[in-house]
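I opened the notebook to log what I looked up in this structure. Entries are brief and follow the order of my checks.

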Amino acid sequence: MRTNYAYHRITFNKLIDLTISSGSRRCMNACSVYDLLRDIKDPEFPNTLEDLGIVSEDKITVSNDTVTVYFKPTITHCSLATMIGLCLQTKLRQELGQGYKIDVFVEPGFHEKEDSVNKQINDKERRAAALEDPALFAMVEECLAEPEY
């Protein structure tokens, strides 16, 4: 259950209209983007990215047609940081369509190879190449699968 503070953030946070690929309108703000990402499963642990504190609403911004997400890997040498970023990018592209600029970054200071990870997850060709690998694609699909309650 959300606290009153979170309720006020939802109520007063600026909403941005985004048109998804089907042509329908969708109001987006940091809270609604966070709701799209919170249940993504961690590729290593049996928890969600929300459970592990990897994603948080205060590290998401929505401005016009740009969505920016900063995430914190669990450790500074996390070998799956690129996979987490790929999952975040993939989920947002599935939900928002290709017409929007989506930036996903490791929060500054939270990974030893932050620049390399950021380059990998924000480069269209590198993302496409990663998703062509059957093993990586299967891992992304598993992370994005709807949670079973």
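**Entry 1: R127.** I started with R127, which is buried, at a relative accessible area of 10%. My cut-offs: buried is under 20% relative accessible area, exposed is over 50%, and partly exposed is in between, with a 1.4 Å probe and protein chains only. R127 sits in helix α5. Helices (H or I, at least four residues) and strands (E, at least two) are DSSP runs, numbered from the N terminus. I listed the contacts of R127, leaving aside neighbours within four places in sequence: L86, Q89, R93, Q120, I121 and N122. Contact means heavy atoms within 4.5 Å.

**Entry 2: provenance.** I noted that this is a predicted model, where local features need pLDDT of at least 70 and side-chain atom pairs count only at pLDDT 80 or more, while totals for chains, interfaces and linings use all residues. Residues are numbered from 1 along each chain as its sequence is written, and side-chain values use heavy atoms, with hydrogens and water left out.

**Entry 3: the whole chain.** I found six helices and five strands in the protein chain. Their order along the sequence is α-β-β-α-β-β-α-β-α-α-α. The chain has 149 residues, and 40% of them are buried. Of the contacts between residues at least 6 apart in sequence, 56% join residues at least 24 apart.

**Entry 4: α3.** I looked up α3 next, residues 81-96. Its 16 residues reach 22 Å from first C-alpha to last, close to the 22 Å expected at 1.5 Å a residue. The expected span is 1.5 Å times one less than the number of residues. How many residues of α3 are buried? The count is 13 of the 16, so α3 is largely enclosed by the rest of the structure. G97 follows α3 and has a positive phi, near 90°.

**Entry 5: the core.** I checked the largest nonpolar core, which has 34 residues. Such a core is a set of buried Ala, Val, Leu, Ile, Met, Phe, Trp, Tyr and Cys residues joined through side-chain atoms within 4.5 Å. V33, V69, F71, L88 and L92 touch the most other members. Elements giving two or more residues to this core include α2 (30-37), β4 (66-71) and α6 (134-144). α3 gives the most, eight residues. Beyond four places in sequence, V33 is in contact with M28, I60, V62, V67, V69 and L92.

Entry 6: I put the volume of the largest pocket at about 190 Å³. A pocket is an open set of points on a 1 Å grid over the protein atoms alone, where a 1.4 Å probe fits, with protein on both sides within 12 Å along at least five of seven lines; lining residues have an atom within 4 Å of a point. The volume is the space filled by probe spheres set on the points. The lining is T90, R93, Q94, Q98, K124, R127, A128 and L131. α5 (124-132) supplies the largest share, four residues.

**Entry 7: exposed sites.** I ended with two residues. N64 lies in the loop between β3 and β4 and is exposed at 58% relative accessibility. Its phi is positive, about 50°, although N64 is not a glycine. D115, in helix α4 (residues 114-122), is exposed at 64%.
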